[in-house]
Amino acid sequence: MVSKNKKLNLKDKYQYLTRDMAWEPTYQKKKDIFPDEDFEGIKITDWSQWEDPFRLTMDAYWKYQAEKEKKLYAIFDAFAQNNGHQNISDARYVNALKLFLTGVSPLEHAAFQGYSKVGRQFSGAGARVACQMQAIDELRHSQTQQHAMSHYNKHFNGLHDAAHMHDRVWFLSVPKSFFDDARTAGPFEFLTAISFSFEYVLTNLLFVPFMSGAAYNGDMATVTFGFSAQSDEARHMTLGLEVIKFILEQHEDNVPIVQRWIDKWFWRGFRLLSLVSMMMDYMLPNKVMSWSEAWEVYYEQNGGALFKDLERYGIRPPKYQDVANDAKHHLSHQLWSTFYQYSQATNFHTWIPGKEEMDWMSEKYPDTFDKYYRPRYEYWAKEHAEGRRFYNNTLPQLCQVCQVPTLFTEMGEPTRLSHRQMKYEGERYHFCSEACCDIFKHEPEKYIQAWLPVHQIYQGNCEGGDVETVVQKYYHIEVGVDNFEYIGSPDHKHWLSIKGKSFDSKAEKSEQDAA
Amino acid sequence: MSQLVFIAFQDNDDSRYLAEAVMEDNPDAELQHQPAMIRIQAEKRLVINRETMEEKLGRDWDVQEMLINVISIGGNVDEDDDHFILEWK
């Protein structure tokens with residue numbers, strides 16, 4: 001055959017290099033090769049209906065990923081060679097990176113493991129290839145994030161032992177348990193959890209406005225790895241949407257199963273992202289957009305369009321969406337207030353926002369900030385000024401499912417703490433919300449096994465009974481260096497010396513009041 | 001209810017041509033500049049044509065090259081050799 005165009009078109013190339021590379025087994029039963037495919041009750045009748053709209057094949061994948069890496073590492077080099085950390089807006093910003101490195105980067109690695117696993121479990125070749133590429137992407141994200149942060153680790157505290165902390169520290173059990181929950185589910189639930197609910201519906205909130213904020217705060221290295229990772233994410237999101245459509249189109253019995261997963265994983269993701277709400281509103285000294293604005297664009301608008309599209313499959317928006325929408329007015333403030341009280345046990349610092357920042361919050365949260373949150377901050381600022389920086393010495397009650405302290409309030413009742421409890425086989429369990437309690441009720445045998453950091457400390461499993469010992473020995477957080485208040489911390493003093501100033505506690509306080 | 005599709009690009013040299021091409025082929029789209037990124041949204045449908053892009057760049061352009069500069073998307077994707085379409089049907 002003589003062809004004028006020697007290049008295969010995308011559709012043919014995808015067919016040859018993906019599906020045609022697979023084969024039908026002859027001397028082993030398919031069920032023995034892919035034993036996990038049907039235990040969740042999902043019915044797949046025809047794998048050939050699986051569509052990858054990007055039609056990405058391995059050759060193109062390597063080519064574009066290599067190009068992304070070259071661009072990224074050129075910027076890392078330039079950033080390090082030019083002491084880029086000296087040009088960020090303010091050293092308070094670095095605390096967001098400490099949370100990112102200990103809370104998010106290990107999730108990239110967990111995602112790598114998760115996709116490697118499910119990439120083996122599907123009998124459809126298209127799905128296997130997509131999962132394998134995503135596994136490699138996730139490993140790349142974990143590595144590039146560690147490389148980007150390694151420069152900060154030379155100059156700031158709290159970044160020295162992220163993987164160790166991720167497995168032990170109380171608030172890091174929130175992201176860790178989220179991914180452990182997904183990875184211990186079946187392959188279709190994993191994809192619904194991570195590819196759809198997390199990647200498609202929610203990660204924009206972390207990787208788009210927050211990374212844009214990193215750029216606005218002078219952090220060239222972070223915005224670059226963030227956007228470079230996110231360029232893979234466009235592919236992952238598409239996979240997420242295709243997965244859902246594929247499962248729903250295969251059999252009507254799949255609809256209620258998928259709906260339950262969407263309800264569960266939307267909520268789990270929303271709780272996880274409460275950490276991001278505070279990173280955006282409190283940890284970016286130069287503000288780009290508020291959490292509530294980001295939620296409106298990336299969830300209410302984009303998520304709204306998505307769930308409208310899924311209506312024709314019989315899927316409705318997530319069950320507790322209204323609670324999440326209402327929480328946008330409160331979330332970041334409730335989170336920051338909690339971390340402010342427990343800075344003795346974190347690898348990052350906290351502070352009371354300056355006057356200008358509080359005014360920005362009043363403007364962005366006109367119905368809630370001045371009424372519920374500003375007075376609390378002003379009181380704490382006064383206490384601090386009088387030598388009584390407030391730390392809460394009672395360990396918090398954690399939710400059995402999301403593992404966030406039970407710090408949230410009821411929808412429409414911002415002064416009433418949201419708390420649910422139930423007894424299961426003689427033990428009492430506590431929850432932050434109706435939604436987490438619902439999740440527990442459906443799979444109690446899974447969640448009674450949760451490793452709750454506060455319980456573990458009280459049970460004596462964390463190398464000591466007092467907070468200081470646990471923090472220093474078990475968490476590897478260096479007491480007096482990595483933790484406590486930002487003002488007067490070694491990071492703060494170091495930053496002042498970079499800027500040619502010296503630390504004067506009185507001047508600092510008045511500067512903070514004026515800031 | 002309005003149903004928006006969107007695409008976000010890293011704000012760089014390639015993307016400026018991309019944004020130009022998108023705005024030319026989708027005159028009703030809305031272009032937003034945010035720190036380090038360009039975000040374009042449109043009602044229901046947004047199309048990027050290889051032909052328009054090649055005209056802007058003055059060279060051959062592979063639709064998959066876009067993967068390097070894209071930050072995020074919203075909408076169902078339909079891609080082939082000549083175009084990249086985002087759509088809510």
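Helix 13 of chain A and helix 16 of chain A are roughly perpendicular to each other, a label that covers angles of 65 to 115 degrees, with under 35 counting as roughly parallel, over 145 as roughly antiparallel and the rest as oblique. This is a predicted model, in which local features need pLDDT of at least 70, side-chain atom pairs count only at pLDDT 80 or more, and totals for chains, interfaces and linings use all residues. Residues are numbered from 1 along each chain as its sequence is written, while chains are lettered from A and ligands numbered from 1 in the order in which they are written.

Let us stay with that helix pair for a moment. The axes of helix 13 (residues 254-282) of chain A and helix 16 (residues 331-341) of chain A come within 8 Å and cross at roughly 90 degrees. Here axes are lines fitted to C-alpha atoms, for helices over the stretch in contact, and angles run from 0 to 180 degrees between N-to-C directions. Helices (H or I, at least four residues) and strands (E, at least two) are DSSP runs, numbered from the N terminus. Among the residues of helix 13 of chain A that meet helix 16 of chain A are A:Leu275, A:Met278 and A:Tyr282, and their partners include A:Leu335, A:Trp336 and A:Phe339; contact means C-beta atoms, placed from the backbone, within 7 Å. By class, this contact has eight nonpolar, three polar and one charged residues. Ala, Val, Leu, Ile, Met, Phe, Trp, Tyr, Cys and Pro count as nonpolar, Asp, Glu, Lys and Arg as charged, and the others, Gly among them, as polar.

Now turn to another pair in chain A. The axes of helix 3 (residues 58-81) of chain A and helix 12 (residues 220-250) of chain A come within 9 Å and cross at roughly 170 degrees, so these two helices are roughly antiparallel to each other. Helix 3 of chain A brings residues including A:Leu72, A:Phe76 and A:Phe79 to the contact, and helix 12 of chain A brings A:Met220 and A:Phe225, among others. Seven nonpolar, three polar and one charged residues make up this contact.

Chain B comes next. Chain B has two helices and seven strands, arranged along the sequence as β-α-β-β-β-α-β-β-β. The radius of gyration of chain B, taken over C-alpha atoms, is 12 Å, close to the 12 Å that the globule rule gives for 89 residues, so chain B is as compact as a globular protein of that length. That rule is 2.2 Å times the number of residues to the power 0.38.

Four strands of chain B form an open antiparallel sheet in the order 2-3-1-5, where pairing requires at least two DSSP bridges. Strand 2 (30-34) and strand 5 (70-74) of chain B are the edges, each pairing on one side only. Five bridges join strand 2 of chain B to strand 3 (residues 37-43) of chain B, with B:Glu30 opposite B:Gln41. In their hairpin, which has two residues between the strands, B:Ala36 takes a positive phi near 70 degrees.

Where do the chains meet? In all, 26 residues of chain B are in contact with 31 residues of chain A. Strand 5 of chain B gives the largest share of chain B's side, five residues.

Note on methods: Two residues are in contact if their C-beta atoms, placed from the backbone, lie within 7 Å.
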